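Subject: Structure handover

Hi,

Here is the structure I promised. Please open it alongside this note. My findings follow below.

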Amino acid sequence: MFGAYVPLSYYLLLSAILFACGVVGFLIKRNIITIFMSIELMLNGVNLSFVAFAAHWHALAGQVFVFFVMVVAAAETAVGLAIIIAVYRTRETLNVDQVNLLKL
Amino acid sequence: MHLILFLIFAAVCVAGAVNLLAQRHPINSALSLIAVMAALAGEYLLLGAEFVAAVQVIVYAGAIMVLFVFVIMLLNAGVEEQTKGSRVAVLFGVPGVLTGAVLTAWVLLRHSGTEAVALGALPGHPIEIAHLLFHDFLLPFEVTSVLILIAIMGAVVLAGKPEAEERKAG
């Protein structure tokens, strides 16, 4: 039947595109919250390849890894957003170019 | 049928990711990221991973993105300020990204051959995942709970009022 199967490489390609978009956003964005969202996008891209490989090798452990990635991402988001709030409270800005006290 | 669904969800994913980059206001970026995550949940369903798809919607598109939107609202984040990028970055970055993209696509598609995922063939039943999680991965699971506890405390300490202010108020 036409299209009954989707090659693994399509999933990996989509995963790579999502990861690349995350990297580009991380580099070109200036708003600290948007940069943080780009990191989430990268994590999602990696999760997709985990699930695709789990389906390809019939190894359920891949899905468990995705579960752990999500848990760590949730913890990271909580701490990261708290840091963003702390930064905003002290610096009154969300622009990463103006958070440069450590710069030479 | 699967291929068509895959292409639809993939198009939504890529459009959302590009929109995240193109938008200047963080709330628009957050909403497009939610669209990406919802479409990814669809991809997981196509791969037969129902549990992961449900968790993706509940945890990622639900909890984490609500946290993001909440912080954007709380800090009243405005439109992003433009900064001038260096010309060298544009000059070398764009061709570099294109080369990398083409190479990655070529390598991945070259090996596509007969390798195919039998969609929906994977038993992604929650029972089996729970068996893996609570037998083979029990120690990582327990360590994760400690990590979350530390994250909660860290978030409360970081986002709480500074001590000096508290003393002044009290």
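How many residue pairs are in polar contact between chain B and chain A? The count is six, with both residues at pLDDT 80 or more. Keep in mind that this is a predicted model.

The interface first. Salt bridges between chain B and chain A number zero. The two chains bury about 6,400 Å² between them. Carbon and sulfur atoms give 79% of that area. In terms of contacts, 75 residues of chain B meet 70 residues of chain A.

Now the chain B side that touches chain A. Elements giving two or more residues to it include helix 1 (2-22), helix 2 (26-46), helix 3 (50-75) and strand 1 (117-118) of chain B. Helix 5 (126-136) and helix 6 (138-159) of chain B are also among them. Helix 3 of chain B gives the most, with 13 residues. By type, this side of chain B has 57 nonpolar, twelve polar and six charged residues.

Helix 1 of chain A has the largest share, eight residues. The lining of the second largest pocket comprises eleven nonpolar residues, two polar and no charged.

Best wishes

Terms used: Residues numbered from 1 in each chain as written. Chains lettered and ligands numbered in written order. Predicted model: local features only at pLDDT ≥ 70, side-chain atom pairs only at ≥ 80, totals over all residues. Heavy atoms only, no water. Helix = DSSP H or I, 4+ residues; strand = E, 2+ residues; numbered from the N terminus. Nonpolar A, V, L, I, M, F, W, Y, C, P; charged D, E, K, R; others polar. Contact = heavy atoms within 4.5 Å. Buried area = accessible area lost by both parts, 1.4 Å probe. Salt bridge = Lys/Arg side-chain N within 4 Å of Asp/Glu carboxyl O. Polar contact = N/O pair within 3.5 Å; in protein donor to acceptor, adjacent residues only side chain to side chain.
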